[in-house]
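Please prepare a briefing on the structure shown below, covering its sheet, its disulfide, its nonpolar cores and one of its helices.

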Amino acid sequence: MGTVKNVTTKDFASEVLQSDKPVIVDFWAEWCGPCRQVAPILQEIANENADKLTVVKINIDENPDIARDYGILQIPTMNVYKGGEVVKQIIGAKPKAMLLRELDGVI
C-alpha cells in the first residue's frame with residue numbers, strides 16, 4: 001500500500017529529484033478547499049500504484065521556496081517528476097478518472 005508522504009524543502013531533493021520511480025508532487029495549502037478534495041484521490045492513486053510511482057505533498061505555506069522555484073502560481077498543482085525533471089503539470093482539482101487520464105504514460 002502506498003502512502004502519501006509530506007515532503008519539505010529539506011528532503012525534496014532526496015525524496016523527489018533522486019527517486020528511481022516517477023513522483024507526483026501535490027503542491028497544496030491547509031486553507032485550499034480544492035486541495036482537500038484532491039487529497040483522497042491522490043491517496044487512492046498512491047495505494048493502487050505503489051509499485052510504479054510515489055506520491056508526496058508539499059505545503060506551499062511552509063515551503064514557499066520550492067513553490068517559487070517551480071513556478072507554482074495556483075493550487076492544487078501536481079507536478080510529475082521523472083529523473084529529477086518535471087514531465088507533466090496538472091493544475092486544479094480533478095476527478096480520479098480525469099487525473100488517471102492525465103497520468104497515462106506515467107503510470
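**Sheet, disulfide, cores and helix**

The model contains an open sheet of 5 strands in the order β1-β3-β2-β4-β5, with mixed pairing, where two strands pair if DSSP finds at least two bridges between them. Strands (E, at least two residues) and helices (H or I, at least four) are DSSP runs, numbered from the N terminus. This is a predicted model, in which local features need pLDDT of at least 70 and side-chain atom pairs count only at pLDDT 80 or more, while totals for chains, interfaces and linings use all residues. Residues are numbered from 1 along each chain as its sequence is written, and side-chain values use heavy atoms, with hydrogens and water left out.

- The edge strands are β1 (5–6) and β5 (85–91), each of which pairs on one side only.
- Strands β1 and β3 run parallel and are joined by 2 bridges, and Asn6 stands opposite Lys57 in β3.

**Disulfide**
- A disulfide, taken here as a pair of cysteine sulfur atoms within 2.5 Å, joins Cys32 to Cys35 with an S to S distance of 2.3 Å, and by this rule the count comes to 1 disulfide.
- The torsion about the S-S bond of Cys32 and Cys35 is about 80°, so the disulfide is right-handed.
- Both Cys32 and Cys35 are buried, where buried means under 20% relative accessible area, exposed over 50%, and partly exposed in between (1.4 Å probe, protein chains only).

**Nonpolar cores**
- A nonpolar core is a set of buried Ala, Val, Leu, Ile, Met, Phe, Trp, Tyr and Cys residues joined through side-chain atoms within 4.5 Å; in the largest one, of 18 residues, Phe12, Val16, Val25, Phe27, Ile58 and Ile75 touch the most other members.
- At least two residues of this core are supplied by each of α1 (12–17), β2 (23–28), β3 (54–59) and α3 (64–69), and the largest share, 4 residues, comes from β2.
- Leaving aside its neighbours within four places in sequence, Phe27 is in contact (heavy atoms within 4.5 Å) with residues including Cys35, Ile58, Ile66, Ile75 and Tyr81.
- A second, separate core of 14 residues includes Val38, Ile45, Leu53 and Val80.
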